[in-house]
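Biologist: I've got a fold on screen and I'd like to learn how to read it. Can you walk me through it?

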Amino acid sequence: MTIPLQITFRDMPSSEAVEQRIREKAAKFERFSDRMLGCHVVVEMPQRHKHQGKLHSVRIDLTVPGKELAVNRVEHEDVYVAIRDAFNAAQRQLESFVERQRGDVKTHGSSRVGS
């Protein structure tokens, strides 16, 4: 199964190399969940003052049954580092979601204090 993937570039030209890296990273999500409904990645270079440098911003929205997981604004001067960090954060959220769905996460019952 292939995840429906949408890639959007804002305030910067699109890049085939960047798109390819995003596709590779998104394909790895299938190892964690075969129930993903979609993935939308936004790569942008917001306008900044010249003295602040050019940061690339990456946002990832993952759609899974009953929930949307979002990684907001991971920024870095190197677009590939920003993509890596954003996908790592999204992977942690997806793993946590899958564990909760499977019931792997322990829930603490109410404990009685005193008698």
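Biologist: Which strands does helix 2 lie across, and at about what angle does it run to strand 4?

Modeller: Bear in mind that this is a predicted model. Helix 2 lies across strand 2, strand 3 and strand 4, and its direction is about 155° to that of strand 4. Helix 1 lies across strand 1 and strand 2, at about 145° to strand 1.

Biologist: In what order do the strands of the sheet come?

Modeller: General idea: strands of a sheet pair through backbone hydrogen bonds, either parallel or antiparallel. Here 4 strands make an open sheet ordered 1-2-3-4, with mixed pairing. Strand 1 and strand 4 are at the edges with a single partner strand each, so one side of each has no neighbour in the sheet. On average, neighbouring strands are turned by 10° against each other, ignoring direction. As for strand 2 and strand 3, they pair antiparallel over 7 bridges; Gly38, for instance, has Thr63 in strand 3 as its bridge partner.

Biologist: Which residues of helix 1 are buried?

Modeller: An α-helix has 3.6 residues a turn, so residues three or four places apart point the same way. In helix 1 the buried ones are Val18, Glu19, Ile22 and Ala26. They cover an arc of only 100° around the axis, which puts them on the same side of helix 1. Their cover includes strand 1, strand 2 and helix 2.

Biologist: Why does Glu19 count as buried?

Modeller: Because its relative accessible area is 18%, and the cut-off for buried is under 20%. Leaving out residues up to four places away in sequence, Glu19 touches Ile7, Phe9 and Ser14.

Definitions and conventions: Residues numbered from 1 in each chain as written. Predicted model: local features only at pLDDT ≥ 70, side-chain atom pairs only at ≥ 80, totals over all residues. Heavy atoms only, no water. Buried < 20%, exposed > 50% of the residue type's maximum accessible area, 1.4 Å probe, protein only. Contact = heavy atoms within 4.5 Å. Helix = DSSP H or I, 4+ residues; strand = E, 2+ residues; numbered from the N terminus. Arc of directions from axis to C-beta. Pairing = 2+ DSSP bridges. Axes fitted to C-alpha atoms, helices over the stretch in contact; angles between N-to-C directions.
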